[in-house]
Amino acid sequence: MRPLTPKRLFVISAALTGILLLVAVFSLKFGTRSISLVELFRILRDTAMGRSDQIDSDFRLIIFGIRLPRIVLAMIVGAALSVAGASFQALLRNPLADPYVLGVSSGAALGAILSLIVAARSPGATPFAAFVGAAAASAIVYFLGRRGGSLDSFALLLGGVVTASFLSAVIMFLMTTISGRDLRGMAFWLMGDLTTSSPIPLRWLLLVLVITIGVIYTTAADLNLLLSGEQEAMHLGVDVARVKLVVFLGASVLTGLAVSVSGAIGYVGLLVPHVMRLFFGSDYRVLIPATALGGAIAIVIADTLARTIVAPTELPVGAMTAMVGAPIFILLLRRRLS
Amino acid sequence: MTVQDQTPAQAPAAAPAAPLTRPGPVRISVDLASYAYEPEDGAAPLFTLEATSFEVCQRELVAILGPNGSGKSTLLKLISGTLKPLSGRVQLEGLEVSRLDARTRAQRIAVVQQETSLLFPIRVWEYVQQGRHPHNRGLRFESKEDGEIAGHALAEAGAEHLRDRWMHRISGGEKQRVILARALTQQPLLLLLDEPTLHLDIAAQVDLLRRLRRLAAASMYAVVVVTHELNLAAEFADRIVLLDRGKTLRVGTPAEVYQQDLLQQVFGTLLHVDLNRRGVPKVVFSGKEA
Amino acid sequence: MWLLLALLAAAPLGAQTNIPPGKGASRVPPATIAVTDEAGRSVQVPAEVRRIVSLAPNMTELVYALGLQAKLVGVTDYCDYPPEARTKPRVGGTMNPSLEQVVSFHPDLVLASKQSNRKETVENLERLGFAVYTADAHTVADVLASLRRLGGLLGAREQGETLANDLQRRLSDLERRLAGHPPQRVVFVVWPSPLISIGRHTFLADALRWAGAESVVDTPQDWPRLSIEELIRQEPEFLIFASSHADESARTFEDLREQPGWRDLKAMREGHIAVVSEAVNRPSPRLVEAIEQLAQQLHPDAFRAAPARGEEKRENRGTSGRVPASRLAKVQECRSCVR
């Protein structure tokens, strides 16, 4: 493998971005009502040129009202979960770490359930409450993981697992004792579902995503060193306590963001980093942008499949990632063990 | 050279061996530094390392010697700046080591670990290049110059042929050389090694110490090695710091330090000290019970 | 490197998520009436509703009952009554219908039910510019009110009123018949294992009351899970099952009769099993028929007297209530229940 240079990074990022755009455009084409590429191109062109009144109103609604927001949301969630997964894998020095191992998603789920119980009428309550729940769970895990002024990976992992299982138990309790009617939607949410339209405009979500990934990226070189051990990293000049804190916060924000709008989509945060490592090596300076783009691609594809495979019924996207993710996970595991 | 307070109990039998090279200016100065680990219940601290003073000069290889629990690793950590001394100071070219930020410290001091546990597969050259990290700010990628420095370090460590291999596929001895190469890539003033010979076979042990000796003599490095291998230390070190249960018993050349009574008392076993033709002491362990 | 980040940061500006106005947007929008639906949401119902999409089976039944099936342009996969509903174009499931299908059917009004649909689906459709009316029935009276209301909104006021009055009358007749008969203590078995029954706030519980029964399970939870011991402790007089096929229910009973706990129930031993059509699960006009059917099984003696006007036809329907254990296999239900 060749050494990493800015040029190589640019080439990889550009290539993946190109694939992402291609996948997105194709995804716009598919749905219960298939739109041909020619028509699609014409619609996009007309919109760009301000001639949107020429577009058939059905297509307008379907493409801009249904598919496009969903695809953008899928990209955001995919990128967020993948980078969070890669970050937690470095932070906890554990290749099996995923964004949910520290209980962030359980906190978000609990927030979502509570919002359904307390404020079922207001539309914006659920994602907001989910984010608050995610933040609260992260805070708890943070305090459990502190040892002598900095975060201890082992304590974090234990604290996270304990918090996750405790919150899951609370969620189970609530789901069985509270009136079942309102919580039917929770089943979808728990599996990961992109049909909820986010009350926060997508552009804000995108902004938070890019900023947070950027912040994590500033520690990329340090993360490389952290992977060989904390003592070693410190001896090579890494401010270990600061890096761990930044990565913990950044990854928690990303996870909270993703989970609060789409529920707990599984396997992405765990697998995309590993797949990207297979292709591009484990240097985080290229891994972080690669997993962000790779995760976006993965979720867009998964979501497109989820809404077309058994059309007109739509599967929750989490079901799709599980069906595809599990075999990939087994493959990766076997490869690693051989 | 500064010698410890306590004078040797008896004059050495033969004339001390002339140092192999002339030592350069003082690199590390340990000045009445001590350390203690806090016990649980707020009782009086147990001194792991009592106040000690000595200096290490450029082009010197100093061995810190002693049985297990004598405080060798603690002393090394004080020198590397990982621990802050309870009293006294450890200074590197006039700057207190523990007060430096990690990056500045890493530019001047390189610590060679015994082993490395890698999470994901990485190639040797990539691993070695990480040694340039303290010198590169932020998100800069390694330049061609960095690559050359890494290559040079690999050569000095005798690991150039391992360049494109995977770290998890090389042997223990080869890995030790690669770790050394990474430390050399930092272009430090001081090289610290904690029991580097533990997992190596005898040929690898000798090779490593010889290499360290050569590096110290030829370059700007000062090398401090913690070990309990008496004979290797005697063969390759310029000076020995002898520790026993936290106390520094003697600092001096191997011939000065390796006194039979002293060593028997420190290591708690019957032994016999000979001097070979070059004046380097050889310790022979007896099979008899004390 | 920084260029890349800058490019990424500029992406939000390009995230065009506002729906651009399309063809025909300049047309004058049709007149609408502001209405508050049963879920408390404010809906702009068009004055003239020509195309309806139903997202719930009971709403589909309502539309057919009002005689408005010509206006029905989309139903779900679960809309199976009346059977003709199965021939209508589909939008998918109730929990996850395809929004695109709904869009392509161009409905003036979408009908949803709080019991069957998700809040997210309703919100999404409203965001796309569709009017969505959500029904929320907790009691039998709610169902009738829904009927009247929707009849008015959908342009079938007379049919709505007539049907609702007719159902009301039948219920009043039933009430009269059952006056003087203490309600039977029953358990409605939604699912035998794990044992799930109904809570007091469900419309099912209300339906039971109309049928002269009182559920011994008194809990605010909608679908409480019980233990069989609790059931034995309560010793209900009747067990009620909802079923679509005679064979299916017969098989269930054969299995259950042998189960520990179940076989100790007095109701089981005496064969006091009542079976009603699955219509009892839906807040639709058929509910009343199911109630009548159930009442006949629970209070057979109330029906042996001279039938009230219009009741003759119904005498032959339903079982006689007591089902001898040896003849459980021959449980018969009313004609409309068997498909």
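**Helix, sheet and interface**

Author: Helix H4 (residues 119–127) of chain C lies across S5 and S6 of chain C, at about 160° to S6(C). Helices (H or I, at least four residues) and strands (E, at least two) are DSSP runs numbered from the N terminus; axes are lines fitted to C-alpha atoms, for helices over the stretch in contact (heavy atoms within 4.5 Å), and angles run from 0 to 180 degrees between N-to-C directions.

The model is predicted: local features need pLDDT of at least 70, side-chain atom pairs pLDDT 80 or more, while totals for chains, interfaces and linings use all residues. Residues are numbered from 1 along each chain as its sequence is written, chains are lettered from A and ligands numbered from 1 in the order written, and side-chain values use heavy atoms, without hydrogens and water.

Reader: In which order do the strands of the open sheet in chain C come?
Author: The order is S4-S3-S5-S6, with parallel pairing; strands pair if DSSP finds at least two bridges between them. Strand S4 (72–74) and strand S6 (132–135) of chain C are the edges.

Reader: And what is the bridge partner of C:Val53 in S5(C)?
Author: That partner is C:Val110.

Reader: Changing topic, how many residues of chain B are in contact with chain A?
Author: 30 residues of chain B touch 33 residues of chain A.

Reader: Which salt bridge does B:Glu142 form?
Author: The side chain of B:Glu142 meets that of A:Arg285 at 3.2 Å, N to O. A salt bridge is a side-chain nitrogen of Lys or Arg within 4 Å of a carboxyl oxygen of Asp or Glu.
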